[in-house]
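I opened the model to look up a few points and noted them in the order in which I checked them. The entries follow.

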Amino acid sequence: MPPNVMDGFQTVLRFFMNQKSTIGYSFMALLTIGGERVFSMVSFQCPCNHDQNFAYGISFLLGPAAVLFVLGLFTNTRLWRLYTGCCLGPTKLCPRGNCLNCLRALLDIVSGACVPPIMWLSVALLNATFYECAVSGLDDNLVVDLFCVNKTVKCREELAHVPCDRSKLSPDERMELLLMFRAQSQILGWCIIIIAAVVGLCGTCYTNCRSKVSYLQLTFWKRYVEKEKERFDAYAVDYSTKLAERNLQSFFENKDPTPFPFPNHRAWEQISELYTFTRSEQCYSTLQKYVEGKDHDDYSCEKRPVMDMEHGMEMS
């Protein structure tokens, strides 16, 4: 392959590697849009029944959002780093004097898990299919008066049938109500998008303003955390394979196992804690702090902060 083509390929690859978060969120948005379209076209059928419309529509609107929120918590590594073993060692969750940081860490975890549900709600409300069904089943007089103001009594009776073709209203009246439903739904969708964007911008500005390091050092920190995680996964696969081969060889050949250097339980506990950056130490993770520590046994989770809130990064 010619050098100029190779250099161009490396440039493109480097760009995509540096934009992993943006690409990930874009891919998540595409999946959300696709999932919403599948739900709307394949599985969603509004019952057009006064007693069922609201429950049916709201379940399709909020149900997937709740599932996405739970999945976001399940896939959050920081949550499990924080909670694993906390029942047997409560100080791991909230060390002395760190209850505020514990709440901040939980807030950060929850805010990260809210991204997929917000995407789903935004897309679903902009499409308006679920909202039409849910709102048409409301029995509140204020809501009905809002939709059927200056209309005949038949409007109140046929409101639940508007999302379907079974309505006895005239085509013009039905279309007017549908347009009203869709306008309200899309306004709510745009409100959620705008509020999420403003909150995200304010949160980013706040964390950058409170940053303890410069922009270039923060960039280096992020790169280090990514590479450390990648190399840790590779080392974990390699060493677990070697340990399994040693144990199996010892078992099948009926001989004593060869010595195998391996971190002890205390070392695993120390590097598994979440990390907070301090200017007095040029360390970027608990692993680096453990490796460079003069006396590993002096490292106490009760004396050191264990939660990192710096730019929402997960410190390994």
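Entry 1. Is Lys242 buried, partly exposed or exposed? I looked up its relative accessible area and found 40%, so Lys242 is partly exposed. I note here that the model is predicted.

Entry 2. I then asked which residue Lys242 meets in a salt bridge. The partner is Asp238, with 3.4 Å from N to O. Both residues belong to helix α11, and they are four residues apart, about one turn of the helix. Asp238 has a relative accessibility of 35% and therefore counts as partly exposed.

Entry 3. I went on along helix α11, which covers residues 215-252. Lys229 forms a salt bridge with Asp233, and I read 3.5 Å between the closest N and O atoms. Lys229 and Asp233 are four residues apart in α11, about one turn of the helix. Lys229 is at 42% relative accessibility, so I filed it as partly exposed. Asp233 is at 37% and is partly exposed as well.

Entry 4. I looked up Lys227 next. Its salt bridge is with Glu230, and the closest N and O atoms are 3.7 Å apart. Lys227 and Glu230 lie three residues apart in α11, about one turn of the helix. For Glu230 I noted a relative accessible area of 35%, which means partly exposed. How many salt bridges does the structure hold? The count is six, and those I noted include Lys227 with Glu230, Lys229 with Asp233 and Asp238 with Lys242.

Entry 5. I turned to the chain as a whole. The protein chain has 13 helices and zero strands. Its pattern along the sequence is α-α-α-α-α-α-α-α-α-α-α-α-α. The chain has 316 residues, of which 31% count as buried.

Entry 6. I searched the surface for nonpolar patches. Which residues make the patch of about 480 Å²? They are Val67, Val70, Leu71, Phe74 and Trp80. Helix α3, residues 53-74, gives the largest share of the patch with four residues. One of the patch residues, Phe74, has its place in α3. Why does Phe74 count as exposed? Its relative accessible area is 53%, and the cut-off for exposed is over 50%.

Entry 7. I stayed with α3 and checked how it lies against helix α7, residues 129-136. The two axes come within 6 Å and cross at roughly 150°. That makes α3 roughly antiparallel to α7, because an angle over 145 degrees counts as such. I also looked up the handedness, and α3 passes α7 in a left-handed crossing.

Entry 8. Is Val135 buried or exposed? Its relative accessibility is 8%, so Val135 counts as buried; the cut-off is under 20%. I then took the C-alpha to C-alpha distance from Val135 to Pro163 and got 9.9 Å. In sequence, Val135 and Pro163 are 28 residues apart.

Entry 9. For the record, I put two side chains from these entries next to each other.

Notes
Residues are numbered from 1 along each chain as its sequence is written. This is a predicted model: local features need pLDDT of at least 70, side-chain atom pairs count only at pLDDT 80 or more; totals for chains, interfaces and linings use all residues. Side-chain values use heavy atoms; hydrogens and water are left out. Patches are made of residues with over 30% relative accessible area and no salt bridge: like charges are joined within 9 Å, nonpolar side chains (Val, Leu, Ile, Met, Phe, Trp, Tyr) within 5 Å. Accessible areas come from the Shrake-Rupley method with a 1.4 Å probe; for residues, only the protein chains shown count as cover. A salt bridge is a side-chain nitrogen of Lys or Arg within 4 Å of a carboxyl oxygen of Asp or Glu. Helices (H or I, at least four residues) and strands (E, at least two) are DSSP runs, numbered from the N terminus. Buried means under 20% relative accessible area, exposed over 50%, partly exposed in between (1.4 Å probe, protein chains only). Axes are lines fitted to C-alpha atoms, for helices over the stretch in contact, and angles run from 0 to 180 degrees between N-to-C directions. Angles under 35 degrees count as roughly parallel, over 145 as roughly antiparallel, 65 to 115 as roughly perpendicular and the rest as oblique. A crossing is left-handed if the near helix is turned anticlockwise from the far one by less than a right angle, and right-handed if clockwise.
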